[in-house]
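Dear colleague,

Here is the structure I promised to pass on. Please look it over, then read the notes below.

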Amino acid sequence: MIAVAILVIPVALQIFSRFTTLIPHYIWTEELARFLLVWTVMIGAMIGVRESSHFEVDVWPVLSGRPEAAIRLVSRFGVLVIALVFVWSGVEFTRFAWYRTSELAELPLWMIHIAWPIAGFTWLIFLGEQMWDELNVLLGRSSLPPSDPASHIEGAIQ
């Protein structure tokens with residue numbers, strides 16, 4: 001919420017400067033808004049992986065126990081591959097921008113580029129925790145934590 005609230009400021013400045021003469025037309029606000037949007041998306045993706053709240057397509061019937069843990073483990077492996085790509089490519093992306101600045105606001109570009117490896121690294125941490133829990137279910141050491149209760153209610157209604 002804080003990132004979105006901050007994002008509103010340069011966007012509001014852009015809008016008011018275009019339609020009124022009260023505020024000078026700031027060019028740097030467009031670039032700052034773009035930087036903040038990238039960070040907002042990456043923070044949202046980090047939270048989405050942490051809470052397992054990304055968009056899902058239900059292909060399998062509602063399962064429980066070990067079969068559900070196995071399916072979750074396979075799907076998390078796919079996200080793990082993407083996380084590794086984000087870390088590896090993000091480090092190269094940040095290295096490329098390390099000594100460069102943006103054209104309008106003259107901000108260091110590494111400040112925006114570093115969002116990719118940070119997102120990938122946090123995904124690795126969150127996925128490791130989730131995959132550990134699911135591996136323990138597969139090995140019979142614990143039970144599967146309940147998934148989103150709303151999804152079971154929707155399934156029962158249909």
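Buried here means under 20% relative accessible area, exposed means over 50%, and partly exposed lies in between (1.4 Å probe, protein chains only). By that rule, 27% of the 158 residues in the chain are buried.

Two notes on the source. This is a predicted model, where local features need pLDDT of at least 70, side-chain atom pairs count only at pLDDT 80 or more, and totals for chains, interfaces and linings use all residues. Residues are numbered from 1 along each chain as its sequence is written, and side-chain values use heavy atoms, with hydrogens and water left out.

Fold: the chain has six helices and zero strands. Helices (H or I, at least four residues) and strands (E, at least two) are DSSP runs, numbered from the N terminus.

Contacts: these are heavy atoms within 4.5 Å. Of those between residues at least 6 apart in sequence, 67% join residues at least 24 apart.

Surface: the accessible area is about 11,100 Å², and carbon and sulfur atoms hold 70% of it. The method is Shrake-Rupley with a 1.4 Å probe; for residues, only the protein chains shown count as cover.

Aromatic pairs: rings of Phe, Tyr and Trp (its six-membered ring) pair if their centres lie within 6.5 Å; planes under 30 degrees apart are stacked, over 60 edge-to-face, the rest tilted. The count is three. One of them joins phenylalanine 93 and tryptophan 116: centres 5.2 Å apart, planes at 85°, so edge-to-face. Phenylalanine 93 sits in helix H3 (residues 66-97) and tryptophan 116 in helix H5 (residues 115-138), so the pair ties together parts 23 residues apart in sequence. Phenylalanine 93 is partly exposed at 34% relative accessible area. Tryptophan 116 is partly exposed too, at 23%.

Best regards
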